[in-house]
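This briefing goes through one predicted model by topic: confidence, salt bridges, the nonpolar core and selected helices. Please keep the sequence and the structure in view while reading.

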Amino acid sequence: MSTTHTASPLPTRREGGRFVQSPLVWMPTGIVGVGLASGLASAGGVVAVVGAVVAVAAYWAVMRFVARRSMPEIARPGAVAQALSGAAIGFGFITVSMLMLLTEFSFTERPGSALSIVASMAAMQLGAAVTEELIFRGLALQALEKLCGSWAALAITAVLFGLLHLANPDATLWSWTAIAVEAGVLLGAAFLWTRNIWFAVGLHFAWNTTLGLIGIPVSGHASEGLMTTNPTGPELLTGGDFGLEASIVPVVVSLLIAIPMLVAAHRRGNLVPMRRGRR
């Protein structure tokens, strides 16, 4: 009696398509594409704005042709309103934190054209906000959600966001922990609440720009803003040379903002439950 050995069937076109559409494929592909654009975005000036546009185009191309999914998170209708709403929260977040710490800093007005300083700062921070939000909330968070649910995705991206800033000037274990909580959790919560990248971009942009214009280092990077601001109080309150983001005050304030966002996201049904395996 003979035994016939049959070769394993090749993947069908449909199965191949499913593989390509896997988050394990489109997430790293998108990160590479947007990451390359971030080089332009970090250049400052008009080049930074061009870099932000290129980053959005790269994100759109990966989601359209690799992930093959719709992209309501970057839809143009309502984008300006979402960005402005996020910016209001970002500005309020930094303003409230600074008002609680005014006596812990000294302020000196810097010479120069205010318009030029604001324009330069805004362009640079726009590039950073767009590229980082596309990578962390647009790609990483949404991909990880499909694999392990929203809560795990939020935790993982928050930790990764903190680790990204560990290489910044004057970074410490405390500063990356603070960034993971106040930025990773808050920006993740902002996206989960609204399911809109422009809202998170607006929050991120206003946060960084406000800090920069005050003259406080942004995640360890010195800022040439409208004022020269030096910490005079305890490092736990001022953040020291790393900047306000390493202060305990914005960590607490960020949680007071993020927790209601997450509660609202849950009530809206915006959270993806943890996967318990396939049948």
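Helices here are DSSP runs of H or I with at least four residues, and strands are DSSP runs of E with at least two, numbered from the N terminus. The model is predicted, so local features need a pLDDT of at least 70 and side-chain atom pairs count only at pLDDT 80 or more, while totals for chains, interfaces and linings use all residues. Residues are numbered from 1 along each chain as its sequence is written, and side-chain values use heavy atoms, leaving out hydrogens and water.

**Confidence**

- The chain has a mean pLDDT (the predictor's confidence in each residue, from 0 to 100) of 91, and 91% of its residues reach 70 or more.
- Residues 1-16 have a pLDDT below 50, and beyond near neighbours in sequence this stretch has one contact in the model; contact means heavy atoms within 4.5 Å.

**Salt bridges**

- Three salt bridges are counted, each defined as a side-chain nitrogen of Lys or Arg within 4 Å of a carboxyl oxygen of Asp or Glu.
- E133 and R137 form a salt bridge at 2.7 Å, N to O. They lie four residues apart in helix α5 (residues 114-148), and are therefore separated by about one helical turn.
- E133 is buried at a relative accessible area of 0%, and R137 is also buried, at 0%. Buried means under 20% relative accessible area, exposed over 50%, and partly exposed in between, with a 1.4 Å probe and protein chains only.
- R195 and E145 meet in a salt bridge at 2.5 Å, N to O. This pair links distant parts of the chain, 50 residues apart: R195 is in the loop between α7 (173-194) and α8, and E145 is in helix α5.
- R195 is partly exposed at 22% relative accessibility, whereas E145 is buried at 3%.
- In the salt bridge of E73 with R69, the closest N and O atoms are 2.9 Å apart. E73 is buried at 1% relative accessibility, while R69 is partly exposed at 23%.

**Nonpolar core**

- A nonpolar core is a set of buried Ala, Val, Leu, Ile, Met, Phe, Trp, Tyr and Cys residues joined through side-chain atoms within 4.5 Å.
- The largest such core has 65 residues, of which W26, V34, I94, L134, L203, W207 and L244 touch the most other members.
- Helix α5 gives the largest share of this core, eleven residues.

**Helix α2**

- The 19 residues of α2 should span 27 Å at 1.5 Å a residue, and the end C-alpha atoms are 25 Å apart, which agrees. The expected span is 1.5 Å times one less than the number of residues.
- Among the buried residues of α2 are W26 and V34.

**Helix α8**

- Helix α8 (residues 197-214) has 18 residues and reaches 26 Å from first to last C-alpha, close to the 26 Å expected.
- Because 17 of its 18 residues are buried, α8 is largely enclosed by the rest of the structure.
- At the start of α8, a side-chain oxygen of N196 comes to within 2.8 Å of the backbone nitrogen of W198.

**S175**

- S175 is in helix α7 and is buried at 1% relative accessibility.
- The side chain of S175 reaches the backbone nitrogen of T172 at 2.8 Å.
- Leaving aside neighbours within four places in sequence, S175 is in contact with F242 and A246.

Technical notes
A polar contact is a pair of N or O atoms within 3.5 Å; within protein, one must be able to donate a hydrogen and the other to accept it, and residues adjacent in sequence count only if both atoms are side-chain atoms.
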